[in-house]
Structure formats: structure tokens, C-alpha cells
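Thanks, everyone; I would like to take a few minutes to go through one model, beginning with the surroundings of a single residue and then widening the view. Please have a look at it before I start.

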Amino acid sequence: MSAAEGGACGDGRPSRYESQKRRDWNTFGQYLRNHRPPLELSRCSGAHVLEFLRYLDQFGKTKVHAPGCPFFGQPCPPGPCSCPLRQAWGSLDALVGRLRAAFEENGGRPEANPFAARAVRLYLRDLRDSQAKARGVAYDKKKRKRPVPPPPASASTAVDFDSCQQHHEYDSILMIPGGVSGGGGGAGAGVDQMVCDGEVHASGAMIPLSAFH
């Protein structure tokens, strides 16, 4: 198993992603233990995940302007305001992804994964849209361009061959001095004969150097 597949660095230590996922899982477990009443993981639902995400807002560092704030919708406000700090949508979206993976790695069933609940997905989508309006930023996801498959090798080869043949048979015409058809004199003497270089090469004939002088 490679280091990437095992989630470890080359020296055997866990990767940054694995370390962060473990910390997130421990934080969520502590939240469940401190819950009133305490919650078991098997009884955790999407509603409890939403409570956890809202609980994390008190530790946020992102200014999210309220609709009545004069800086609402401005990406670079010129001064301070009293709007609260929140968790950024991108941070929560990544957190949910790590916890969704950790839940199944710790024995949870995929069909019962609370982090994959529809309510959680809708909450993150609404949070993305509301923060985009409040902060004046866009979260447009770039679409990946699908690679264009190359043409079949046989077809491209056939096209190149045909064009090559056309070039040799029709494009290049050589002027060979007369005397070729008449045995040295007679009606054919002194008359130039136009011959395709493709035909010359095909017949195996050699073009004398005198033909180019």
C-alpha cells in the first residue's frame, strides 16, 4: 500500500488531512459527550450535526455582515462594524466532508451517516448563498472541461496517406526535355514531356541530372 492510499507521509506519519480528520472527529465526540443529555453516536442525526455546526460559529473568524449593515455586500469594507464573526462556509463544508468520511471509518453505516443527511446539504447551500451576498463574494464552482478523445489511429493514418499520395501525383510536375519518346529524333524531338514525379518514382526510373539544366 502506498503512502497516499494509507493516508500517511513518506516517513510513516499521518498526512495533514488524516491528522485534521482525527482532530475533527475527537472534537465532535467531545461535543456529543458534553451534550445535555449526552448523545450516543448511534442516535446522532442530521439535526444534531446542524446543532454542532451552529455551535462552532462562536469560534469563527470570518466577518459576515448583517442586512442592515452599511457594509453589507462589500468585499472590502472601508471600516469596522459590529457584525459578528462566523465560521466561513468553505471551512464548514470541508469539515462536514472529513466527518462524513470519519463516521464510516469508525464503524458507521453509510446509509445512516448523519453528515450526509439532506438537511445538512441544504444548510450548507443556504449558508454559501447568504454569506456570498453578505460578503460580496462569489462561490461559483468551476466546471471541469472533459478531455476531447483523440481520433482513431487508423483513420488519421489513412488521411495522411491519401494527402501524401495526392501531393506526389498531382502537385509536383517535372519538366523533362524531349527526345524521350522518339528514339533520339523525329516528331518527338525537342518537345518537353510533362511527367508526374509520383509516376517516375513508381516506375523505378531515374531522372537524369541533365533534366534540371
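When I say that two residues touch, I mean that they have heavy atoms within 4.5 Å. With that in mind, and remembering that this is a predicted model, let me turn to Q87, which sits in the loop between β2 (85–86) and α4 (89–105). Leaving aside residues up to four places away in sequence, Q87 touches L56, D57, F59, G60, L92 and Q131. For L56 there is a further detail, in that its backbone oxygen lies 3.0 Å from a polar atom of the Q87 side chain. Is Q87 buried or exposed? Its relative accessible area is 16%, and because anything under 20% counts as buried, Q87 is classed as buried.

Let me move on to a pair of helices. The axes of α3 (residues 46–55) and α5 (residues 118–135) come within 8 Å and cross at roughly 30°, and since angles under 35 degrees count as roughly parallel, α3 is roughly parallel to α5. On the α3 side the contact is made by G46, V49, L50, L53 and R54, while α5 contributes A119, V120 and Y123; sorted by class, these are six nonpolar residues, one polar and one charged.

Finally, the chain as a whole. Its secondary structure comes to seven helices and four strands, which from the N terminus run α-α-α-β-β-α-α-α-β-β-α. Of its 213 residues, 25% count as buried, and the accessible surface comes to about 15300 Å², with 55% of that belonging to carbon and sulfur atoms.

Terms used. Residues numbered from 1 in each chain as written. Predicted model: local features only at pLDDT ≥ 70, side-chain atom pairs only at ≥ 80, totals over all residues. Heavy atoms only, no water. Axes fitted to C-alpha atoms, helices over the stretch in contact; angles between N-to-C directions. Helix = DSSP H or I, 4+ residues; strand = E, 2+ residues; numbered from the N terminus. Parallel < 35°, antiparallel > 145°, perpendicular 65-115°, else oblique. Nonpolar A, V, L, I, M, F, W, Y, C, P; charged D, E, K, R; others polar. Buried < 20%, exposed > 50% of the residue type's maximum accessible area, 1.4 Å probe, protein only. Areas by Shrake-Rupley, 256 points an atom, 1.4 Å probe, with all protein chains shown as cover. Polar contact = N/O pair within 3.5 Å; in protein donor to acceptor, adjacent residues only side chain to side chain.
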